[in-house]
Amino acid sequence: MLPSLKVKIGADTSDLDKGLNKTRANLLKFAKIAAAAMAAVGAATAALTVKSMRAVDAQAKLAKSLNTTAKSIQVLDRAGELAGVSMGEIQQATIQLTKRLSQATMGAGPAAKALKKLGLSANDLSVLPLDEKISKIQDAIQEFIPAAQQAAISSELFGDR
């Protein structure tokens, strides 16, 4: 319960006035600090949103250029992060794979021989999203190729890097 406030007529209320003015000033300071904090949070949120939108746009453009889905690019990006491989390196390997699979559909190029060893078909792989294509190739390499020869088979499909 709040204590009752009784003020005698003509009593000195200067201390009460000072206390109220000090409280008012503190509330104004707090309001200014809170407003500044909210503005900073809003600016940071806006910056993160812009950054995220740019990343999504870049992934969508990359997916389109590699004839795959944005989801596939996201999977590869995360796998690359875990493996310490940059998205640029993944992109270059993907370009090589696409060229070599195209040659292999005509029975030519280094990938044709490699795919035969793996028991895979260039035509079957060409219809898969990029992440599934790479996963299927990697699984076959691990299953059918001795460890000492895996890098050589990979380079026939993905290039030297």
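Which backbone nitrogen does the side chain of Thr 68 reach? The side chain of Thr 68 reaches that of Leu 130, at 2.9 Å. The model is predicted: local features need pLDDT of at least 70, side-chain atom pairs count only at pLDDT 80 or more, and totals for chains, interfaces and linings use all residues. Residues are numbered from 1 along each chain as its sequence is written, and side-chain values use heavy atoms, with hydrogens and water left out.

**View 1. Thr 68 in the loop between α1 (14-65) and α2 (70-83).** Helices are DSSP runs (H or I, at least four residues), numbered from the N terminus. Thr 68 has a relative accessible area of 15% and is buried (under 20%, with a 1.4 Å probe and protein chains only). Its side chain also makes a polar contact with the side chain of Ser 72 at 3.2 Å (N or O atoms within 3.5 Å, one able to donate a hydrogen and the other to accept it).

**View 2. Helix α3 (residues 87-105) against helix α4 (residues 110-118).** The two pack at an angle of about 80°, with axes 7 Å apart (axes are lines fitted to C-alpha atoms over the stretch in contact; angles run from 0 to 180 degrees between N-to-C directions). α3 is therefore roughly perpendicular to α4 (65 to 115 degrees). Arg 100, Leu 101, Gln 103 and Ala 104 of α3 meet Pro 110, Ala 111, Ala 112 and Leu 115 of α4 (contact: heavy atoms within 4.5 Å).

**View 3. The two sides of α4.** Ala 111, Ala 114, Leu 115 and Leu 118 are buried. The face turned away from the buried side carries Lys 113 and Lys 116, which are exposed (over 50% relative accessible area).

Conventions: Angles under 35 degrees count as roughly parallel, over 145 as roughly antiparallel, 65 to 115 as roughly perpendicular and the rest as oblique.
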